[in-house]
Amino acid sequence: VSGVGRIIVAGGGIGGAAVAVALQSRGFDVLVLEADASLDSRKQGYGLTIQRQDAMQAMGINLAQDDAPSTSHYTFSADGAILGFFGEAFGDKSKVRRESDASGRFIHIPRQKLRARVVEQLRPGTIRWGSKLRSFECRRGAGVAVTLADGTTLDAALLVGSDGIFSTVRRQLAMPGDRLHYVGLVVVLGILDGSVPLTQRRIFETVDGTTRLYAMPFTPSSTMWQLSFPCSEEAARTLTKDAAALKAELLSRCRGWHDPIPALLADTPLDGMSGYPVYDREVLEPAVLRPGAGAGAGKPGLAGRPAPQDRVTLIGDAAHPMTPFKAQGANQALSDAVLLAEALVQGVREHGALAGLDAALPLFERRMLSRSARVVVGSREKAKELHSSLALQPGRKVQRDTGVDMPRVVRA
């Protein structure tokens with residue numbers, strides 16, 4: 001990949017750091033622009049569930065040491081009745097496995113810990129901390145001029161926007177009809193130090209047809225919870241700016257719910273909570289992201305070279321933001337990172353250093369957006385389901401014939 005030039009990534013979150021690792025491991029020169037002053041300059045969210053290890057393995061990252069594992073998942077009604085249960089602890093291959101045995105499938109990890117593990121793989125100086133992209137100018141087929149907030153200008157062979165749901169890169173692309181979509185819900189996240197018996201190597205969620213609480217191990221010695229409920233956009237924006245009012249709303253909504261929920265919420269300190277209105281976007285079509293790039297884009301033209309492209313692309317939440325209710329945001333960003341690196345390597349190998357970028361970008365975007373579209377739609381549908389009467393249907397997700405006395409197991 002020599003001769004390609006520098007690839008600039010806007011955003012040093014999980015997706016941006018991951019794409020830098022994937023690109024560097026294949027020989028590309030990468031610079032990441034991150035507005036934060038340092039890795040630990042601010043809180044970086046709560047817990048994540050990494051559902052497949054393919055992308056992490058492709059980057060040479062092992063998260064086993066950081067896992068706060070669970071092997072079972074329970075759904076309760078507000079009064080504590082069991083509506084459903086599933087998990088590897090109850091599978092046909094798990095007759096002799098106890099709930100305390102490691103599953104080896106999902107990884108529960110704090111967002112900041114995952115980000116740190118990815119950043120550790122980067123060469124020193126790859127991330128330019130305290131640097132924020134202000135604007136860019138495409139030179140079709142000849143790279144991108146990037147301007148930072150402090151007026152500094154940088155040249156890039158390719159600009160990758162990994163700057164989140166409120167992406168500056170995406171906004172400047174000025175795609176027609178592109179706007180955020182409020183899904184009608186507010187999410188509140190909390191972390192409680194100390195052990196909660198019901199989340200010891202377990203996940204549980206409780207629903208009442210309107211409000212939903214989900215709790216999982218955050219670390220082996222702490223619990224993360226996520227509570228969500230319908231709310232107008234204006235009220236959500238106001239409520240999430242006032243931690244005390246937000247906590248009072250949660251306690252009111254969950255008064256009378258089964259143990260340990262009232263205590264879990266009451267004991268969580270205000271500085272261990274945060275909330276946000278939930279947004280996503282309509283599924284992005286490749287032809288909207290890259291106008292004029294039809295099905296043949298990326299293939300050699302009459303002159304034997306791919307058509308010149310604007311060398312700007314998007315990944316992660318900048319490309320396909322989704323609700324958190326299928327736990328797929330970080331997973332999709334990690335997959336995007338590996339996919340982009342693989343596409344660029346293939347393009348350069350087949351077409352040369354610069355024409356290879358023009359060949360790779362349309363193909364990468366079609367594959368990325370095709371995969372993520374299903375998840376964006378599925379996450380929006382899951383948001384509706386979990387906050388409706390559908391969530392109360394017994395056996396919504398249950399593994400049968402386990403031979404297990406579920407109330408006894410839960411009490412244990």
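Predicted model: local features only at pLDDT ≥ 70, side-chain atom pairs only at ≥ 80, totals over all residues.
Arg380 belongs to helix 10 (residues 355-386), while Glu282 sits in the loop between strand 16 (273-280) and helix 8, so the pair ties together parts that are 98 residues apart in sequence.

Glu381 is partly exposed at 43% relative accessibility, and Lys384 is exposed at 52%. In helix 5 (residues 233-239), Glu233 and Arg237 are four residues apart, again about one helical turn, and they form a salt bridge whose closest N and O atoms are 3.0 Å apart. Glu233, with a relative accessible area of 28%, is partly exposed, as is Arg237 at 46%. The count of salt bridges comes to 19, and a network of them links Glu34, Asp36, Arg42 and Arg115.

## Helix 1 and its cover

Helix 1 (residues 14-24) is mostly covered, eleven of its eleven residues being buried; among them are Ile14, Val19, Val21, Leu23 and Gln24. The cover over these buried residues includes strand 1 (6-10), strand 2 (29-34) and strand 3 (47-50), together with helix 3 (111-119) and helix 9 (329-351).

In soluble globular proteins, nonpolar side chains tend to be buried together. The largest nonpolar core here has 71 residues, of which Leu159 and Leu344 touch the most other members. Helix 9 supplies the largest share of this core, namely eleven residues. Apart from this core lies another, of 31 residues, which includes Tyr182, Leu239, Cys254 and Leu264.

Leaving aside neighbours within four places in sequence, Leu159 is in contact with Ile8, Ala10, Leu133, Phe136, Val144, Val146 and Val169, and also with Arg311, Val312 and Thr313.

## The second largest pocket

The second largest pocket has a volume of about 230 Å³ and is lined by 14 residues, of which Leu173, Leu289, Arg290, Pro291 and Asp310 lie nearest its centre. Strand 8 (133-138), helix 4 (168-173) and helix 8 (286-289) are the elements that give two or more residues to this lining. By class, the lining of the pocket comprises nine nonpolar, two polar and three charged residues.

How values were computed. Residues numbered from 1 in each chain as written. Heavy atoms only, no water. Buried < 20%, exposed > 50% of the residue type's maximum accessible area, 1.4 Å probe, protein only. Contact = heavy atoms within 4.5 Å. Core = buried A, V, L, I, M, F, W, Y, C linked by side-chain atoms within 4.5 Å. 1 Å grid on protein atoms, 1.4 Å probe; cavity = no way out; pocket = protein on both sides within 12 Å on 5 of 7 lines; lining within 4 Å. Points joined across faces, edges and corners; volume = space filled by probe spheres on them. Nonpolar A, V, L, I, M, F, W, Y, C, P; charged D, E, K, R; others polar. Salt bridge = Lys/Arg side-chain N within 4 Å of Asp/Glu carboxyl O.
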